[in-house]
Structure formats: C-alpha cells, structure tokens
Amino acid sequence: MKASLNEITHAIVKQYGRRKLRIRLESIHHQLFTDPGKISFKEKILRMFQ
Amino acid sequence: MGGTGDNLPVPPTYLYMNATTLSASVVEIQGFATEDIPGLYEETFPVVAAFVAKMGGSPDDAKDIFHDALIIFFEKDIRVENVAAYIMGIAKHLWLRKYQDDKHRVSLDDFERTIAIPEDEHFPVAARLYRLISTAGKVCLDLLQAFYYEKRSAESIASEFHYSDAHSASVQKHKCLQKIRTLVKEKSMDYESFVE
C-alpha cells in the first residue's frame with residue numbers, strides 16, 4: 001500500500017503518542033502493584049486469579 | 001470524604017467527566033486530565049481484571065487488555081456518562097476479538113453492542129523507520145504528539161514546552177511537521193518501503 005508523506009508523518013506521530021501513553025500506563029500499573037500503601041489493591045486483584 | 005446534602009457519597013469525578021468539565025490549565029490526554037488517570041486506573045482495572053479472570057485469563061492478560069482498552073478509549077476522544085462501563089465494554093470486545101471461541105461465554109448488553117472498536121491502523125509504520133525518526137526527531141515528536149495525539153490546547157502546550165504564547169507553539173508545530181516530513185523523506189527514497 002502506498003502512503004503519502006503526510007500520512008506517514010501523522011502515523012509516526014500517532015505511534016509515538018501511543019507509545020508514550022502505554023509507558024505511562026505501565027508506570028501506573030507498576031506503582032499500584034509495588035506501593036506498600038496499595039497492598040490491598042494488589043491482593044484483591046491477585047485473589048481473582050487464584 | 002465528600003458528599004451531597006443528603007450525605008450520599010459522591011462518585012469519583014473522573015468516572016463521569018468529559019472535556020468540558022476540565023479547566024484549560026489542566027494537562028490533558030484527549031480531554032482527560034492526566035492527574036486523574038491513576039484514579040481511573042485504580043477504579044476500573046479491578047472490573048476488567050474480574051472479567052478476564054472469569055474467562056480464564058492471566059493477570060498479564062488483564063493488564064494487556066486493560067491498557068489496550070484505555071488507549072482505544074482515549075483515542076476515541078468522546079464524551080460518555082459512565083467511563084468505567086465504556087472501558088469495560090471495549091475490553092469485552094477486545095477479548096472477543098482475541099478469543100472468538102468465547103462468543104458463547106461473553107454476553108454484550110445493548111450499550112456494549114453500540115461500542116465500535118477501530119480496526120488496525122491503515123498505515124502501520126515500519127519498525128526501522130519509526131526507530132530512526134523517533135530518535136532523530138524526538139523533540140519535535142514530543143511537541144507534535146501533544147497537539148495531535150493528546151489533542152491538548154496550544155495554551156497548555158506553550159506552557160509545558162516553555163513557549164511565550166499559543167501562537168509561538170503553533171508556529172513551532174508547523175516547523176516540526178516540516179522537519180519530520182523531511183526526515184521521513186531523507187530516510188528512504190521509496191515510501192512504499194515505509195509500511196509493513
């Protein structure tokens with residue numbers, strides 16, 4: 001499929017933004033599962049999978 | 001804890017907010033205040049995780065499908081009354097897309113059936129090209145994704161990126177668009193090789 005220069009540029013910007021958002025979500029997830037103050041949250045989730 | 005005059009608990013605002021409820025000074029992703037995302041996450045992830053666990057998935061499955069659902073939700077840039085229910089609906093669709101054999105085990109209600117899930121990108125950028133551009137054009141991509149992906153206001157972007165005003169930020173946006181276009185052009189003589 002042939003894409004225009006403009007389409008490629010906007011696809012790159014979207015991919016870049018999406019990757020930044022995914023990194024942010026990973027960081028929030030990590031914090032929720034490692035913060036001692038959120039231990040009950042972590043246990044609640046893990047119990048669901050036992 | 002806050003409450004109404006009848007002492008009823010007030011639902012978390014991020015579950016019901018939309019772009020119009022936010023202050024222009026708040027940093028937003030698709031109209032959603034970034035500072036509210038952890039709260040939304042903590043409130044909504046257990047709902048999606050319970051669904052994934054019921055379907056026999058793993059904690060990692062739950063995380064992956066939840067992140068994909070959040071990204072789709074933010075990219076839709078829409079206003080909904082119940083954000084949590086909407087994200088749950090997206091997650092169900094994503095599960096069904098991945099595990100079509102579970103059709104008989106997952107029931108979508110009328111509201112969930114109205115949720116449209118986008119197909120894959122029309123122009124996925126080749127990994128090699130993306131790596132080259134995202135390294136060489138990082139500063140510009142940070143600015144451009146704030147405009148086009150996060151859909152933030154020029155005022156908000158000017159403030160974060162230390163431009164004197166919204167006009168200066170917009171001028172820089174156009175310069176950056178040109179820079180990325182030039183970089184793309186330089187990295188290959190054949191645009192067809194950019195897409196996979």
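User: What pattern does chain B follow, read along the sequence?

Analyst: Start with the order of helices and strands. In this predicted model, chain B reads β-β-α-α-α-α-α-α-α-α. The tally for chain B is eight helices and two strands.

User: How many helices and strands does chain A have?

Analyst: Chain A has two helices and zero strands.

User: Is chain A a compact globule or more spread out?

Analyst: Take the radius of gyration and hold it against the globule rule. For chain A the radius of gyration is 18 Å. The rule gives 10 Å for 50 residues, so chain A is more spread out than a compact globule. Along the principal axes, the C-alpha atoms of chain A fill roughly 50 × 20 × 10 Å.

User: What share of the residues is buried in chain A, and what share in chain B?

Analyst: Count the neighbours around each residue. A residue with 20 or more other C-beta atoms within 10 Å is buried. In chain A, 20% of the 50 residues are buried. In chain B, buried residues make up 26% of 196.

User: What do the contacts in chain B say about residues at least 24 apart?

Analyst: Look at how far along the sequence the partners sit. Take the contacts in chain B between residues at least 6 apart in sequence. Of these, 58% join residues at least 24 apart.

User: Which scores does the model have, and what pLDDT does chain B average?

Analyst: The model scores ipTM 0.93 and pTM 0.79. Chain B averages a pLDDT of 81, and 76% of its residues score at least 70. One stretch needs care. Over residues 1-26 of chain B, the pLDDT is below 50. Beyond near neighbours in sequence, that stretch has 32 contacts in the model.

User: At what angle do the axes of α1 of chain A and α6(B) cross?

Analyst: Compare the two helix axes. Helix α1 (residues 5-34) of chain A and α6(B) have axes that come within 9 Å and cross at roughly 90°. An angle from 65 to 115 degrees counts as roughly perpendicular. So α1(A) is roughly perpendicular to α6(B). From α1(A), the contact uses A:His10, A:Val13, A:Tyr16, A:Gly17 and A:Lys20. From α6(B), it uses B:Leu141, B:Leu144, B:Gln145 and B:Tyr148. By class, this contact of α1(A) with α6(B) has five nonpolar, three polar and one charged residues.

User: Where is B:Ile71, and which residues of chain A does B:Ile71 touch?

Analyst: B:Ile71 is in helix α2 of chain B. B:Ile71 touches A:Arg18, A:Leu21 and A:Arg22, leaving aside residues up to four places away in sequence. B:Ile71 is partly exposed, with 18 other C-beta atoms within 10 Å. Distance is another check. B:Ile71 and B:Thr44 are 27 residues apart in sequence and 14 Å apart in space, C-alpha to C-alpha.

User: And B:Glu155: which helix holds this residue, and how far is B:Asp165 in space?

Analyst: B:Glu155 lies in helix α7 (residues 154-160) of chain B. B:Asp165 is 10 residues away in sequence and 6.6 Å away in space, C-alpha to C-alpha. B:Glu155 counts as partly exposed because it has 14 C-beta neighbours inside 10 Å.

User: What is the phi of B:Lys151 and of B:His162?

Analyst: Begin with the general rule. Most residues other than glycine have a negative phi. B:Lys151 has a positive phi near 55° and is not a glycine. B:His162 is not a glycine either, and its phi is positive at about 60°.

User: Where do they sit, B:Lys151 and B:His162?

Analyst: B:Lys151 is in the loop between α6 and α7 of chain B. B:Lys151 counts as partly exposed, with 18 C-beta neighbours inside 10 Å. B:His162 is in the loop between α7 and α8 of chain B. B:His162 has 8 other C-beta atoms within 10 Å, so it is exposed.

Methods
Residues are numbered from 1 along each chain as its sequence is written. Chains are lettered from A and ligands numbered from 1 in the order in which they are written. This is a predicted model: local features need pLDDT of at least 70, side-chain atom pairs count only at pLDDT 80 or more; totals for chains, interfaces and linings use all residues. Axes are lines fitted to C-alpha atoms, for helices over the stretch in contact, and angles run from 0 to 180 degrees between N-to-C directions. Helices (H or I, at least four residues) and strands (E, at least two) are DSSP runs, numbered from the N terminus. Angles under 35 degrees count as roughly parallel, over 145 as roughly antiparallel, 65 to 115 as roughly perpendicular and the rest as oblique. Two residues are in contact if their C-beta atoms, placed from the backbone, lie within 7 Å. Ala, Val, Leu, Ile, Met, Phe, Trp, Tyr, Cys and Pro count as nonpolar, Asp, Glu, Lys and Arg as charged, and the others, Gly among them, as polar. pLDDT is the predictor's confidence in each residue, from 0 to 100. The radius of gyration is taken over C-alpha atoms; the globule rule is 2.2 Å times the number of residues to the power 0.38. A residue is buried if 20 or more other C-beta atoms lie within 10 Å of its own, exposed if 12 or fewer, and partly exposed in between; C-beta atoms are placed from the backbone.
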